[in-house]
Amino acid sequence: MTVESTAARTPRRSASTKSTAGKRTTARKGTGAAPGTDPQLVQLLTPEGERVKNAEYDKYVAAITPEELRGLYRDMVLTRRFDAEATALQRQGELGLWASLLGQEAAQIGSGRALRDDDYVFPTYREHGVAWCRGVDPTNLLGMFRGVNNGGWDPNGNNFHLYTIVIGSQTLHATGYAMGIAKDGADSAVIAYFGDGASSQGDVAESFTFSAVYNAPVVFFCQNNQWAISEPTEKQTRVPLYQRAQGFGFPGVRVDGNDVLACLAVTKWALERARLGEGPTLVEAYTYRMGAHTTSDDPSRYRGDEERLAWEAKDPILRLRRHLEASNHADEAFFAELETESETLGRRVREAVRAMPDPDHFAIFENVYADGHALVDEERAQFAAYQASFADGQGD
């Protein structure tokens with residue numbers, strides 16, 4: 001499997017949806033600046049892989065070595081590989097659901113590698129690349145989406161909290177944690193991940209308020225992937241998301257979310273502010289969700305090929321590969337070896353998931369009420385009868 005191409009994993013739009021999707025795509029034109037056209041967008045690598053100078057943020061990546069650049073590339077490639085494997089496993093009935101990060105690798109790897117070991121991460125349910133950076137085994141993520149564990153890792157062992165499904169609530173958890181470590185006198189920082197859709201949640205607004213008032217050492221990292229399921233960003237806000245921070249009294253910055261170097265630099269800057277006692281920062285990583293919201297979603301119903309193809313040309317992995325090749329920082333042997341490693345990872349993940357037990361179908365009825373409930377007992381009995389019907393052929 002080729003790990004660099006996003007086109008191979010993007011569902012095609014059917015003829016029946018072409019007209020509606022085309023109209024909606026046309027309506028979006030002119031409503032949001034794509035990377036490279038926004039003068040306030042922080043970019044250090046162009047889509048062609050050319051290095052762009054930036055007086056404010058260059059110092060945060062000035063000492064980066066060719067080996068570290070290759071490491072960032074390796075992180076993105078391997079993250080995309082196990083993400084692709086997870087999508088395939090869900091299609092084969094091995095997972096209940098999967099939320100792909102396809103297209104958002106640079107935002108996650110860049111920000112994830114900016115963190116220190118003692119920093120604490122509060123993710124949503126799509127931060128597979130950040131989990132990779134924090135040393136969480138991908139099979140633990142897949143076990144959760146299979147329904148056989150509740151995360152499978154010790155949050156305090158990796159300073160990486162369990163995935164949060166409730167939209168936006170983790171920003172409040174991050175703010176409270178940040179307030180706590182500030183009172184403890186620690187110089188570590190906290191980062192909270194969320195998406196453009198979550199930016200409309202009241203929990204996010206509350207976390208902005210509390211973090212600003214208490215000068216909490218927290219970075220709010222918003223991955224604006226343009227679509228909150230089927231709702232485009234312009235349905236969420238009248239101004240760029242990063243500008244919302246101004247109303248709460250702390251800085252916001254928009255970074256090219258497909259530029260791993262820019263994401264690394266901007267996140268380092270924001271974390272530095274937090275550690276110095278300068279309070280919260282909102283980082284808007286302007287990126288694109290190349291695939292579906294989750295495997296239960298069909299993006300061809302609400303967006304067209306033109307938009308997707310425009311963003312595909314800004315692929316984060318291809319961008320860094322071009323830079324590595326132009327700078328003579330990587331040769332064909334490196335890329336070939338990495339391709340072999342990615343296939344090995346995909347095979348390991350696949351075999352591990354298929355060796356996992358099936359989830360307990362009756363666990364959903366447990367702990368609904370502390371002392372049990374007649375209605376739950378009735379529903380459990382009905383479900384048991386339904387399951388039994390497949391054994392005797394009545395459920396076909």
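Good morning. The protein chain in this predicted model averages a pLDDT of 89, and 89% of the residues score at least 70. One stretch stands apart: over residues 1–37, pLDDT stays under 50. Where pLDDT is low, the predicted coordinates should not be read in detail.

After helix 5 comes Gly-147, with a positive phi near 90 degrees.

In one of them, Trp-153 and Phe-160 are tilted, at 5.8 Å centre to centre and 45 degrees between the planes. Trp-153 counts as buried at 8% relative accessibility, and Phe-160 is buried at 0%.

A further pair joins Phe-365 and Phe-383: the ring centres are 5.8 Å apart and the planes lie at 55 degrees, so this pair is tilted. It links distant parts of the chain, with Phe-365 in the loop between helix 12 and helix 13 (374–391) and Phe-383 in helix 13, 18 residues apart. Phe-365 is buried at 11%, whereas Phe-383 counts as partly exposed at 23%.

Finally, the surface. Phe-210, Val-213 and Tyr-214 make a nonpolar patch of about 330 Å². Tyr-214 lies in the loop between helix 8 (202–213) and strand 4 (218–224), and counts as partly exposed at 47% relative accessibility. Thank you.

Methods. Residues are numbered from 1 along each chain as its sequence is written. This is a predicted model: local features need pLDDT of at least 70, side-chain atom pairs count only at pLDDT 80 or more; totals for chains, interfaces and linings use all residues. Side-chain values use heavy atoms; hydrogens and water are left out. pLDDT is the predictor's confidence in each residue, from 0 to 100. Contact means heavy atoms within 4.5 Å. Helices (H or I, at least four residues) and strands (E, at least two) are DSSP runs, numbered from the N terminus. Patches are made of residues with over 30% relative accessible area and no salt bridge: like charges are joined within 9 Å, nonpolar side chains (Val, Leu, Ile, Met, Phe, Trp, Tyr) within 5 Å. Accessible areas come from the Shrake-Rupley method with a 1.4 Å probe; for residues, only the protein chains shown count as cover. A salt bridge is a side-chain nitrogen of Lys or Arg within 4 Å of a carboxyl oxygen of Asp or Glu. Buried means under 20% relative accessible area, exposed over 50%, partly exposed in between (1.4 Å probe, protein chains only). Rings of Phe, Tyr and Trp (its six-membered ring) pair if their centres lie within 6.5 Å; planes under 30 degrees apart count as stacked, over 60 as edge-to-face and the rest as tilted.
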